[in-house]
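Okay, thanks for coming, everyone. Have a look at the sequence and the structure, and then I'll walk you through a few spots.

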Amino acid sequence: MTSAGDPATAAIEALDAAFAETVRGTGAAIGALYLLSPDEQLLCLDVLCGAPSGMADPWTRVSMAAPAPVADAVREDRLVWLGSLGQMAHFYPRTAMALPYPLALVAAPVTGVRRWGALLLMWPATRPSHMTRRERSHIASRCRRLARLVEDAVEHGKPPPCDGRPRVLPAGTGDRFATPVMATADFIERLPGGSCALDLEGRFTYLSSGACVLLDRTAGQLLGTLPWQSLRWLDDPTYEDRYRAAVISREPVAFTACRPPDRWLDFHLYPDASGISVRIVPTGAQPPPWPAPHRSPHPATPARAGQLYQLTHLAAALTEVVGVQDVVDMVADEIMPAFGADGLVLSTAEAGRLHITGFRGYAPDVIERLDALPLDTSFTPAGRALGSGIPAFFSSPGEMRRIYPEAPLISGKQAWAFLPLIVSGRAVGICILSYDHPREFPAEERAVMTSLAGLVAQALDRARLYDTKHDLAHGLQEALLPRTLPTVGGLRVAARYLPATRGMDIGGDFYDVIRLGDTAAAAVIGDVQGHNVAAAALMGQVRTGVHAHAALGTAPDQVLARTNRLLTDLGPDLFTSCLYAHLDFAGRRVTLASAGHPPPLLRLPDGDTRPVDVPPGPLLGIDPDADFPLTEIPLVPGMMLAFYTDGLIETPGVDLDDSISRLAAHLAHADERDLDRLIDDLVSGAGSSGQRTDDIALLVLHHAAAAVRGG
């Protein structure tokens with residue numbers, strides 16, 4: 001055997017055997033093993049069991065950032081169980097849109113010395129909708145064994161995933177493809193109607209004489225062919241979808257079709273792990289309630305159901321991209337594999353030129369040569385495709401060379417699809433898919449690519465608008481927040497601002513440290529309602545007002561009172577919380593005043609950490625005559641104060657006091673030697689390092705023990 005002298009091949013065979021046994025042992029109809037790409041940004045389908053590889057095309061590569069069960073299983077290191085289509089639609093609507101079949105599935109992380117990928121198992125909907133603890137334990141044990149075998153394969157030089165098509169293993173046990181005995185054939189021939197068999201790819205593997213009569217073809221004409229290709233009257237995505245439903249759900253499926261000119265036939269599909277048994281019987285004198293599909297004398301070839309689902313899946317993915325780089329990554333991670341492309345160039349139309357915003361599979365010097373070409377360039381087909389709005393396909397360098405003699409020499413590619421990106425008649429850019437070998441572009445594939453180009457154009461146009469707004473917001477935010485904090489003797493200072501991860505990434509949270517001579521300083525933090533441009537503009541006014549009053553040596557309560565009157569005069573319809581602290585190094589005291597702001601945290605030199613009880617006044621901008629009570633605490637050498645906004649502590653379903661206590665506990669154990677790292681620990685401990693619906697400001701002051709002032 002080959003594996004006897006090749007350890008790498010033997011390791012892969014052992015992995016495949018264990019994977020196939022896992023699928024059989026769990027009773028799953030379909031199994032898939034995904035492995036992480038070397039950069040850990042993609043999950044790549046490595047081996048598949050129980051379904052043809054073509055059916056898995058939309059999911060051969062899954063981004064680790066995608067909202068998909070396998071990605072969540074690896075990213076969150078947990079087992080993801082979906083017991084019904086309803087649960088899938090609730091938690092993973094994009095997946096449910098592309099897999100609208102009754103089924104149950106589990107995705108489990110495959111982890112050993114490190115995380116390797118995920119195991120995906122699918123069952124028919126007849127399986128119980130819950131998974132027992134014993135089943136979970138069994139699947140976890142299987143995943144650990146798969147992880148060990150993956151590690152063994154890597155040690156023996158198994159090539160990294162994402163470099164080719166997945167391996168497809170047969171499902172079931174025993175010899176399911178043995179020639180039936182004559183008695184079985186006689187039995188089938190005696191049945192009324194017709195019988196035939198399809199493999200999991202959908203090809204005819206057996207036809208009874210009755211089936212040949214009803215289908216009006218000989219067995220020799222049909223064996224090894226796909227029904228929707230050899231029988232034109234079945235060439236409709238609706239019928240192919242019924243086959244897909246049977247393969248994926250493992251449930252019996254039935255449909256009715258009309259064999260021209262007027263012979264109606266009922267098809268009953270009975271699937272299992274090896275293929276599909278089909279019974280064909282005449283419908284009878286009465287036609288079904290739905291009419292036969294209308295066909296023109298010269299119909300266009302319809303897109304295959306698999307491609308339609310692929311298009312639906314990709315369209316759903318495009319609705320979730322945000323920025324231009326997201327569009328580039330999505331096209332590279334999902335559209336390139338869907339069409340087997342080896343290269344990608346995505347360009348945007350700006351100032352009369354095509355600027356390359358992303359590429360894959362090209363050398364940097366080639367991209368430099370192709371970047372910034374005029375929109376009407378004749379050097380490549382991009383100019384004509386953009387000008388006409390019609391995609392251009394070239395199956396070989398010879399085809400390209402006849403019109404564009406220099407273009408094939410630049411890239412070294414052998415086939416190209418130039419897809420113009422047009423929105424409302426306006427050129428947004430162009431998407432070029434290229435191939436390392438000559439290939440044809442069938443009409444069906446051209447239609448799908450063209451449709452997809454329209455969706456990419458819409459996504460890219462939205463993404464450019466988002467990036468423009470984001471850059472504007474980011475610039476405004478940077479201009480309104482202090483670029484640097486002043487150096488104050490005896491005081492170590494660190495601050496952090498984190499925008500909300502939704503919206504325009506701009507907010508009304510602010511902070512500042514103000515030096516007041518050699519013996520005093522002020523610290524302020526605030527939160528303007530909302531996180532948009534209006535909030536940021538008001539934040540700038542509040543920060544300027546506070547700074548101006550503080551610089552005059554005004555007491556904390558009066559700083560807030562005067563800023564409050566300014567806001568009520570402006571009438572911005574937005575309210576602001578604010579906490580102001582005056583640090584008197586000579587008098588060794590800190591005086592605080594609050595306008596509805598969360599209390600600061602105080603950490604003493606012995607590690608004792610607690611919120612400071614600061615009686616709050618009302619929010620700024622409500623009552624022009626409001627008072628803001630003062631609170632005074634000792635300024636102890638070695639003490640630390642942490643000011644923060646509510647975005648750091650607000651968690652749905654969690655009491656605010658509990659969140660503050662948890663933050664105080666994190667501060668008590670944080671390392672004070674590096675205040676920036678301390679802030680990282682506080683943000684991470686509060687669970688605010690991922691998705692945030694509110695922005696966060698955090699200001700930490702540490703009074704150094706070696707710099708005590710005064711007499």
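Let's start with Cys212: at 14% relative accessibility, Cys212 counts as buried. Buried means under 20% relative accessible area, exposed means over 50%, and partly exposed is in between, with a 1.4 Å probe and protein chains only.

Quick background before I go on. This is a predicted model, where local features need pLDDT of at least 70 and side-chain atom pairs count only at pLDDT 80 or more, while totals for chains, interfaces and linings use all residues. Residues are numbered from 1 along each chain as its sequence is written, and side-chain values use heavy atoms, with hydrogens and water left out.

Back to cysteines. How many disulfides are there? Taking a disulfide as a pair of cysteine sulfur atoms within 2.5 Å, the count is zero. Cys212 is in no disulfide, and its nearest cysteine sulfur, on Cys196, sits 9.0 Å away. Cys49 is buried too, with a relative accessible area of 1%.

Now some helices. Helices here are DSSP runs of H or I, at least four residues, and strands are runs of E, at least two, numbered from the N terminus. Helix 11 covers residues 237-249, and eleven of its 13 residues are buried; among them are Pro237, Tyr239 and Ser249.

Next, a helix pair. The axes of helix 2 (residues 7-25) and helix 6 (residues 133-155) come within 9 Å and cross at roughly 170 degrees. Axes are lines fitted to C-alpha atoms, for helices over the stretch in contact, and angles run from 0 to 180 degrees between N-to-C directions. Angles under 35 degrees count as roughly parallel, over 145 as roughly antiparallel, 65 to 115 as roughly perpendicular and the rest as oblique, so helix 2 and helix 6 are roughly antiparallel. Contact means heavy atoms within 4.5 Å, and the residues making it include Leu15 and Phe19 of helix 2 and Leu146 and Leu149 of helix 6.

Last stop: Asp527, in strand 21 (residues 520-528). Asp527 is buried, at 9% relative accessible area. Leaving out residues up to four places away in sequence, Asp527 touches several others, including Asp509, His597 and Asp694.
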